[in-house]
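Hello,

Here is the structure I promised to pass on to you.

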Amino acid sequence: MAFDNLLIRTRSVSKSYDEEQVLSDFNLDVWKGSITGILGSSGSGKTTALRLIAGFDRPDAGIIEMKNEVIVSDEVWLPPEKRNIGMVFQDYALFPHLSVEKNIAFGLGKNDLEQGRLKEVIDMCNLSGLINKFPQELSGGQQQRVALARALAPNPEVVLLDEPFTSLDAQMARVLRDEVVELLKNTETTAIIVTHDQEEALSVCDVVSVLEKGKIIQSSTPQEIYLNPVSKTVANSVGDPNILKGFSIDGRVETSLGTFVSAYEGALDVSIRPECIELNLDSEGSYIVKECTFYGHDQVISFQNSKGEVFRARSLPNTIYEAGDKVNIEISEVTTFPSKV
Amino acid sequence: MLIISYLIVFLPQAVGGGQAAMEQVKSSYIDASLGMGMNKFMTFTKITLPLIYKGLVAGGALVFLSTMKELPQTLLLRPTGLNTMAVDVWSYASEGLFTNAAFSAFILLAISAFPTYILSTRNLTR
């Protein structure tokens, strides 16, 4: 998918609360029509990033542009009510004293209401059965849909979603996730989704930006992020790779799991994803199975070498591995990064 | 003097009610409203005020009720010539004029019934 219009751009944005630096040199590009994910662990500054873009907080330094116009800088400040940005809060923030219908209508002006926008949004989000209920009478999933409807109603330039699916149970989250993505795509709405869930980020987003300690360290398509992470941190934030230390000489690096080709010289981290290791049962094998965790669609087998180092492999569920089985391994793909000193 | 002492005794009650009400207004409600194009004044009238209104009324009713029936402070600090109904009831009763006391007591009850009604319905709907 190609996007060619930049909608939001932040440059060198920094923000600290009580002397604690939350964002520093935060650079994010959001393309019009895309779903951009900000993936980061808790405390990495995800929510702060959204609050700055929405205008609920002001950055200490840096520039935020929207449609090629500066909306935040040292001199410029566009208040949140003028930005036309919709936000779905982590706690949904539905107004408890207003019915579902009035919550959704809250951001609509007279013109919108006369043109039947309210009914359009309610139908679009499948909420017609709930319009007279109050937020406290709704389930988590329903509240989520109302919050999204409320955010979408005024046709915002972009919708910001703060950990939208974390407070729901796994199955509900999956159903709702598909619904939300379909809705965003159908309405060609640009969205920024903040999440700590790698699966969510990879499956939902067109662009994933990995946030670490207040900085975007890689921003790319989900495939690129997964297959070609630029650093150990990125590799760790998507999937659970085996990270081995090694030293590369003349483009070859020797590790506990074998010798690999590397584009870099010197001290390296070698990342091998568990699904890239194939195990073969072999009574002469040089590795011993330690433990096997069965997930149904696949299984994760931890195995150790003669030095007692433990690694993980992921395989299809049809072979049964038991602790003590001897195996040989075949490695299909590795990624190397220069070690940080 | 009497008013100052009333203030000192009843202010915490009123503030307590108001504070409990304010705690119901999460900061994300305000943000949500601003994000949907409402300015600060409109956010206050459409979100904050409706949410704290009940608490404020309840706090007021509570203070009103307590002030109506308050006796010791009033007895000690009232200026000469000022009688509250609670003082009336007390002085008539202590002189044995129970018919007069009953009349004041009845009025007092009737007036107090109103805030009590507000307070009790509020608790029932919770």
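Predicted model: local features only at pLDDT ≥ 70, side-chain atom pairs only at ≥ 80, totals over all residues.

Residues are numbered from 1 along each chain as its sequence is written, and chains are lettered from A and ligands numbered from 1 in the order in which they are written.

**The six-stranded sheet**

Helices (H or I, at least four residues) and strands (E, at least two) are DSSP runs, numbered from the N terminus, and two strands pair if DSSP finds at least two bridges between them. In chain A, an open sheet of 6 strands runs in the order β6-β7-β8-β3-β9-β10, with mixed pairing. β6 (85-88) and β10 (215-220) of chain A are at the edges and have a single partner strand each, so one side of each is left without a neighbour in the sheet. From one strand to the next, the twist averages 20°. Within this sheet, β7 (158-162) and β8 (190-195) of chain A are parallel and share 5 bridges; Leu161(A) sits opposite Ile193(A) in β8(A). Helix α1 (46-54) of chain A packs on the sheet and touches β3, β6, β7, β8 and β9 of chain A, with its direction at about 150° to that of β7(A). For such angles, axes are lines fitted to C-alpha atoms, for helices over the stretch in contact, and values run from 0 to 180 degrees between N-to-C directions.

**The five-stranded sheet**

Chain A also has an open, antiparallel sheet of 5 strands in the order β15-β19-β16-β17-β18. Its edges are β15 and β18 (310-315) of chain A, each with a single partner strand, so one side of each has no neighbour in the sheet. Neighbouring strands are turned by 40° against each other on average, direction ignored. β15 (277-281) and β19 (326-331) of chain A are joined by 5 bridges, and Glu278(A) has Glu330(A) as its bridge partner. β16 (287-294) of chain A is joined to β19(A) by 2 bridges, with Tyr287(A) opposite Val327(A). Another 6 bridges link β16(A) to β17 (299-304) of chain A, where Glu291(A) stands opposite Ser302(A).

**Chain B and its contact with chain A**

Helix α1 (2-23) of chain B bends by about 45° at Phe10(B), and Pro12(B) follows within four residues. That bend is the angle between axes fitted to the seven residues ending there and the seven starting there. The contact between the chains takes 14 residues from chain B and 15 residues from chain A. On the chain B side, α2 (27-35) and α3 (40-69) of chain B each give two or more residues, and α2(B) gives the most, with 6 residues. By class, that side has 8 nonpolar, 4 polar and 2 charged residues.

Best wishes

Terms used: Contact = placed C-beta atoms within 7 Å. Nonpolar A, V, L, I, M, F, W, Y, C, P; charged D, E, K, R; others polar. Expected span 1.5 Å × (residues − 1).
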